[in-house]
Amino acid sequence: MPAIHQLLYRLLISGISCLLLTIAQLQLADRGLASEPTLDSADAKSTDQQRPLNFENDIVPVLTKFGCNASGCHGKAEGQNGFKLSVFGFDPLADHKAITREGRGRRIFPASPKHSLFLEKASGDLPHGGGIRISSDRPEYETLSRWIALGSPIGSPNDPHISSIQITPHSAQLAMGQTQQLRVQATFSDGWQTDVTALATFQSNNDGLASVDDKGLVSIGKVPGDVAVMTSYLGQVDVFRALVPSERTASTNATTTEIADANFIDQHIHAKLNLLNLLPSAPSDDATYLRRTYLDIIGTLPSTAEAREFLTDASAGRREDLVDRLLERSEYADYWGLKWSDLLRVNRLELGRKNAYLYYQWIRDSFSQNKHLDRFAHELITAEGPIREQPAGLFYKVVSDPKQMASTLSQALLGVRIECAQCHHHPYDRWGQEDYYGMQAFFNDVAFKSSFQGEALVPTGTAKSENPRTGLQVAARALGEKSPAHVKSDARQQSGLRYELSGWLTDKQNPYFARNMANRIWAQFMGRGLIEPVDDVRMTNPASHPELLDALAEYLKEHDYDQHALIKLITSSITYQRSSEPNESNASDQQNYSRYPLKQLEAEVLFDAVCQTTGVSEKFAGVPEGSRAIQLWDSHVPHYFLQLFGRPMRTTACECERVGEPTVSQVLHVLNSPEIQGKLSHDNGRLAKLVQMSDETLIEELYLTFFGRPASNLERQFASEHMQKHNDRQRALEDLAWSMMNSLEFLFNH
Amino acid sequence: MNRNYCDGLQRRDMLRMGAAGVFGMGLTLPQILSGRAQAAVKGTETKEVSLIILFLQGGLSTIDTWDMKPQAPAEFRGEFKPIHTNVPGIQLCEHLPRLAGQMDKFSLVRSFGLSNSDHGPADHYLLTGYRPGGGFNGGLKPNNQRPAHGAVIAKKLGPRGAVPPYVCLPKMHNSAGSSYLGSSAAPFTVEADPNAPDFIVPDLAPPLEIDSQRLGDRRALLQQVDRFQRGTESKANRGANAMSTYQKKAFELMTSSSTKNAFDISREAEKLRDEYGRHSLGQSCLMARRLVEAGVRCVLIDHTNWDTHFDNFKVLKNDLLPHLDSGMSTLFRDLHDRGLLETTMVLVTGEFGRTPRINKDAGRDHWGPSTAIAMGGGGIQGGLVVGSSNERAEKPATTPYGPEDLAATIYKCLGIDPKTEFHSPEGRPIPIVPGNGRVIEGLT
């Protein structure tokens with residue numbers, strides 16, 4: 001099969017080059033007749049056969065396809081060896097000048113195009129640091145050569161410009177190991193359409209599922225799921241989506257259709273699993289659900305007593321009741337306060353002790369009061385006045401550059417990364433510089449002054465920004481909006497523009513905010529965002545379950561952005577309550593929620609678990625005795641364990657700052673650290689008390705404490721054999737507890 | 001060029017290591033055997049060159065050391081005088097006398113430079129070959145947008161024996177990470193200063209009260225208790241899979257006597273330890289040699305405090321250069337004496353040079369456009385000077401080389417194809433050497 005695709009592709013390419021040659025000949029003939037060919041005379045009325053070459057339409061795509069203007073080459077800010085192009089060709093005028101005028105014009109030699117330095121370098125006729133990019137037998141070489149021969153025209157401003165590209169097929173169901181050739185068609189403003197497959201660039205959003213080569217041939221891997229392949233051409237993007245079902249097995253055939261749904265989450269998840277022939281894992285037992293919800297909702301292990309109590313509760317609504325109780329716990333505010341302190345960068349080094357604590361308290365209080373998320377965002381965006389009264393304003397002290405205010409808030413609240421657009425059009429999305437500077441303008445008047453009430457955020461100057469490339473002033477404009485924001489006349493506060501932004505953001509029509517919040521909460525529980533990474537929302541990174549994401553966002557809006565409501569919904573779904581044990585059909589599934597994933601405990605949560613299970617708390621520097629790690633508002637409190645397990649330094653708003661990957665050093669630390677051994681053997685610790693008890697009681701307590709579940713018969717048997725084997729009971733107990741602490745069942749949420 | 005036999009060991013080394021084994025130092029026989037077995041399994045001719053990077057973080061003033069300009073005006077040349085070395089025609093700083101005696105073992109590239117003069121991005125550029133792009137955040141640990149050289153080496157060549165393939169000491173440099181090469185290529189970090197009297201690699205051995213018998217018991221117990229490790233969960237989840245792989249690796253590290261020996265710097269003769277110098281830089285160099293000897297493929301020494309904005313000359317003369325002189329010179333001599341120099345490449349560099357014009361505080365500021373790097377061993381010839389800078393060391397005067405070219409040179413010497421590509425998380429194929437990197441001419 002691949003052979004046929006390749007053959008088809010070759011035919012396609014030769015077809016294009018024939019076409020190009022034909023156009024070239026026609027145009028040469030055309031120009032030969034005209035005594036003084038002006039570009040203006042050729043435009044507007046041009047037909048398909050007589051399209052004049054246009055630098056932006058015809059030459060820039062070649063430079064992009066062959067990586068000439070990539071950010072690692074001539075596209076980087078300072079260019080490469082004296083030749084500088086705009087990255088991804090966002091500035092065709094400058095590029096045209098660089099090629100035709102700079103270097104004293106030596107790059108272009110119209111009398112003999114192939115002796116142009118430009119072509120000699122690209123084709124490797126002259127030594128070129130970037131190697132042979134466009135060999136002389138390629139059709140693109142011909143295009144460039146012809147363009148030079150024609151006097152390297154820039155084209156007319158009235159030339160048709162690209163309006164869209166379309167990928168075909170748009171979606172397909174493909175089998176594992178199958179290939180699919182994509183075609184990309186460009187449509188220009190005059191309605192002209194042409195195949196640009198050869199010059200388009202391609203990229204898969206999940207290499208495990210499918211890879212794509214530079215000719216647009218998609219190869220499906222061995223993992224079931226769905227995958228998006230993005231193509232881009234002249235700043236336009238389109239996406240091909242493939243659904244890759246699992247191969248049917250006897251077990252999937254038997255039962256896929258008979259799965260019950262608890263709520264709409266399950267309907268969406270099960271519908272997709274059906275399409276993919278994936279059989280979800282069995283429901284989890286009560287003990288697993290207990291430990292899981294404790295860790296996901298309050299970042300804390302259930303205590304021995306809490307576990308015992310829940311496991312004897314036989315009421316029908318026990319799981320829902322449990323979640324209701326957890327949402328009211330103070331650890332809920334600690335844990336979610338910690339998460340948002342990471343994103344909103346509570347940082348003692350930048351703010352000083354007093355302000356950092358004030359800022360943290362505002363975040364934590366928001367969660368202890370269950371402040372609805374739109375209110376939370378509103379307070380953050382519109383903060384103004386004395387920071388003692390409006391501690392949310394401290395955000396603007398940690399992030400003190402208006403550009404970063406705009407991009408940090410976009411990333412945290414909308415899940416959109418606009419940073420690329422500071423320098424050029426976002427290569428994989430719709431954002432341009434106008435969007436970037438439009439967002440920045442909202443924050444350009446943020447300033448701090450000292451007042452009789454202490455330091456205060458007082459808007460100063462104008463909320464306009466300047467695009468440094470064009471030198472033009474840009475008015476405040478919300479992301480993706482056509483018209484600039486206006487301050488309504490009844491705005492009482494000076495931060496009127498930021499009020500407008502907040503109003504736009506929390507409006508129920510806003511396409512980003514509710515979806516982003518729903519996606520972040522979903523990811524916290526399900527281990528993976530419906531859009532992943534959660535803070536990289538873009539057209540070319542589509543959601544795995546778009547309808548589910550819409551429905552979750554809708555649900556959040558219907559409940560006035562109440563985080564509790566969404567948590568209750570998710571935790572009551574059958575999807576959330578599935579076991580983490582894979583079955584024959586879903587072991588390779590990574591993105592369809594057919595089982596609960598194993599999630600490594602975060603640094604603070606794991607350390608608290610160590611302290612709680614051993615019964616020996618830790619004294620952290622600068623906080624009151626008895627404080628737990630999830631209560632640390634300062635992420636710079638010196639602590640080897642927390643640092644080793646990836647506590648973020650809070651220097652960006654990226655979720656990725658919390659390192660999720662285990663390391664050898666982490667493993668060695670839990671195995672060997674004298675501090676942990678000290679907690680196990682502590683005179684006043686839990687083990688010192690347990691050792692007084694009978695083997696039977698002691699084993700029961702150990703399993704409830706460390707794993708939140710009773711020991712199985714087999715485990716009880718082997719553990720009591722172990723205890724009897726050793727004369728030194730303290731040692732035997734320590735070793736048993738140590739091995740529990742080092743097992744995956746302890747180190748992961750499952 | 002070295003000639004290696006197909007088992008990756010040189011015959012001369014075999015003899016030397018055999019002798020060393022008898023005297024209870026250096027490598028043990030089982031280790032040599034395991035090294036051979038590994039090479040045999042691979043079935044390819046491997047050129048087993050290791051790499052030691054001595055990174056002088058802050059930025060070594062190369063106009064005061066590797067590339068002196070005695071003819072330049074006083075406000076440029078500074079107060080140090082050049083001295084002759086054991087290679088006619090090459091001069092070094094008067095405060096590097098012992099290194100001058102080892103000049104035949106390493107070379108200098110004086111036409112080196114990079115287009116960045118900021119701590120953070122420049123470090124990343126030097127240690128990965130890639131200038132970081134947008135969104136780079138130097139404060140992250142690791143901050144790698146691209147894998148560090150050590151991570152590429154670990155990924156491509158894998159471990160040799162029980163020791164980890166890539167080690168950082170006495171701490172992890174922020175740009176030493178493995179980026180998209182994942183956890184198996186991440187460095188093993190020795191978070192401790194080998195010069196500390198109570199130096200011990202944290203957590204490499206269990207606490208004292210846990211003897212080897214008890215450790216064995218614990219390990220057996222853990223296997224019984226951990227039902228996920230036995231079940232399908234660990235295989236189906238990436239993080240859990242990595243954790244269980246690391247646990248196996250960790251037990252190997254803890255129980256292997258060669259690892260224990262390699263990290264036990266107190267086994268070195270006092271005299272040699274003195275010669276390396278009783279300071280962090282010197283003992284880190286010694287530790288690096290021990291690790292390479294035990295099979296580590298890349299050691300990155302992160303030595304700080306070279307950011308001499310103030311009192312450049314006083315600080316260099318009294319503190320930094322004496323340390324560099326003893327540590328680096330003894331490293332070259334020691335590697336040579338042990339027959340390890342041919343298979344160990346040593347690179348000494350900061351993230352950039354320093355401003356040729358002396359500032360108002362008698363210091364020098366950051367200067368990326370022109371610096372010099374020192375390299376020797378592992379296929380790099382000694383006693384050469386490649387290229388030159390202009391008369392005031394402001395910019396390269398001959399073909400300029402940069403971090404891309406350094407990357408190409410390192411990988412060539414280590415037998416790794418510079419065209420090797422790995423995929424970034426976005427699925428982009430990224431070569432280990434940027435497109436324009438080429439091997440520095442005349443060094444190999």
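Predicted model: local features only at pLDDT ≥ 70, side-chain atom pairs only at ≥ 80, totals over all residues.
Local features need pLDDT of at least 70, side-chain atom pairs count only at pLDDT 80 or more, and totals for chains, interfaces and linings use all residues. Residues are numbered from 1 along each chain as its sequence is written, while chains are lettered from A and ligands numbered from 1 in the order in which they are written.

Helices (H or I, at least four residues) and strands (E, at least two) are DSSP runs, numbered from the N terminus. Helix 9 of chain A covers residues 286-298. Its 13 residues should span 18 Å at 1.5 Å a residue, the expected span being 1.5 Å times one less than the number of residues. The end C-alpha atoms are 17 Å apart, which agrees. Helix 9 of chain A is largely enclosed by the rest of the structure, because 11 of its 13 residues are buried (20 or more other C-beta atoms within 10 Å of their own, with C-beta atoms placed from the backbone). Among them are A:Tyr289, A:Arg291 and A:Asp296. Just after helix 9, A:Gly299 takes a positive phi of about 60°.

Three strands of chain A form an open antiparallel sheet in the order 11-13-12. Strands 11 (385-386) and 12 (448-451) of chain A stand at the edges, each with a single partner strand, so one side of each lacks a neighbour in the sheet. Pairing requires at least two DSSP bridges. Strands 11 and 13 of chain A are joined by 2 bridges. A:Pro386 stands opposite A:Ala456 in strand 13.

Between the chains, 53 residues of chain A are in contact with 48 residues of chain B (C-beta atoms, placed from the backbone, within 7 Å). Helix 25 of chain A gives the largest share of the chain A side, 7 residues.

Conventions
Buried ≥ 20, exposed ≤ 12 C-beta atoms within 10 Å, placed from the backbone. Contact = placed C-beta atoms within 7 Å.
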